[in-house]
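This report looks at an aromatic pair, strand pairing and a nonpolar core, and should be read alongside the sequence and the coordinates.

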Amino acid sequence: MVKIRYLKAFSILEVLIVLAVVAILAAVIYPNYSSSLAVEHKARAKAYLLEVSISQDNYLRRHQVYASDLKQLGMEPSDKLTPFYKLILDVKAPPELGYRVMAIPREETHKIPLEYVSLDHLGRTSDNWKK
């Protein structure tokens, strides 16, 4: 007599259920992941703005005027920051001394909801700095 062997495999219903579960998990996890990326990029931008502020204060003590661009300060933005933010240093012309350094989100930020942040010579920050 011939023995018949049955192959063990998944049914189409089992595969569809697994795919549905994976899709639901992805839908729940992705928003949390993208918001955590946004928080990370904003924290990097804020840290960089604080570094620029410290460098500007040191430059003012040495030269009695604020540096007009980041290269005068010897500050090159990180490669981890520039794909996401455009960094701008706006300096007031003498006799008025002051500056504002801004991190403006780039349009092509891979659908990560980034926020504008800024810091000026008096330590004033943008409204969303502490969020």
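Does tyrosine 66 count as buried or exposed? In this predicted model, tyrosine 66 has a relative accessibility of 9% and therefore counts as buried, the cut-off for that class being under 20%.

## The aromatic pair

The structure holds 1 aromatic pair, which is formed by tyrosine 66 and tyrosine 99 in an edge-to-face arrangement, with 4.8 Å from centre to centre and 70° between the planes. Because tyrosine 66 lies in the loop between helix H1 (12-63) and helix H2 (70-73), whereas tyrosine 99 belongs to strand E2 (residues 99-105), the pair ties together parts that are 33 residues apart in sequence. Tyrosine 99, at 2% relative accessibility, also counts as buried.

## Strand pairing

Strand E2 pairs in the antiparallel sense with strand E1 (residues 85-91) over 7 bridges, and likewise in the antiparallel sense with strand E3 (residues 117-120) over 4 bridges. Alanine 103 in E2 stands opposite leucine 87, and alanine 103 also stands opposite valine 117 in E3.

## The largest nonpolar core

The largest nonpolar core has 25 residues, of which Val52, Leu73 and Tyr85 touch the most other members. Each of H1, H2, E1, E2 and E3 supplies at least two residues of this core, and the largest share, 7 residues, comes from H1.

Leaving aside residues up to four places away in sequence, tyrosine 85 touches His41, Lys42, Ala45, Ala103, Ile104, Pro105, Arg106, Leu114 and Glu115. Among these contacts of tyrosine 85 is Ala103, the residue that stands opposite leucine 87.

Conventions. Residues numbered from 1 in each chain as written. Predicted model: local features only at pLDDT ≥ 70, side-chain atom pairs only at ≥ 80, totals over all residues. Heavy atoms only, no water. Phe/Tyr/Trp six-rings, centres within 6.5 Å; stacked < 30°, edge-to-face > 60°. Buried < 20%, exposed > 50% of the residue type's maximum accessible area, 1.4 Å probe, protein only. Pairing = 2+ DSSP bridges. Core = buried A, V, L, I, M, F, W, Y, C linked by side-chain atoms within 4.5 Å. Contact = heavy atoms within 4.5 Å.
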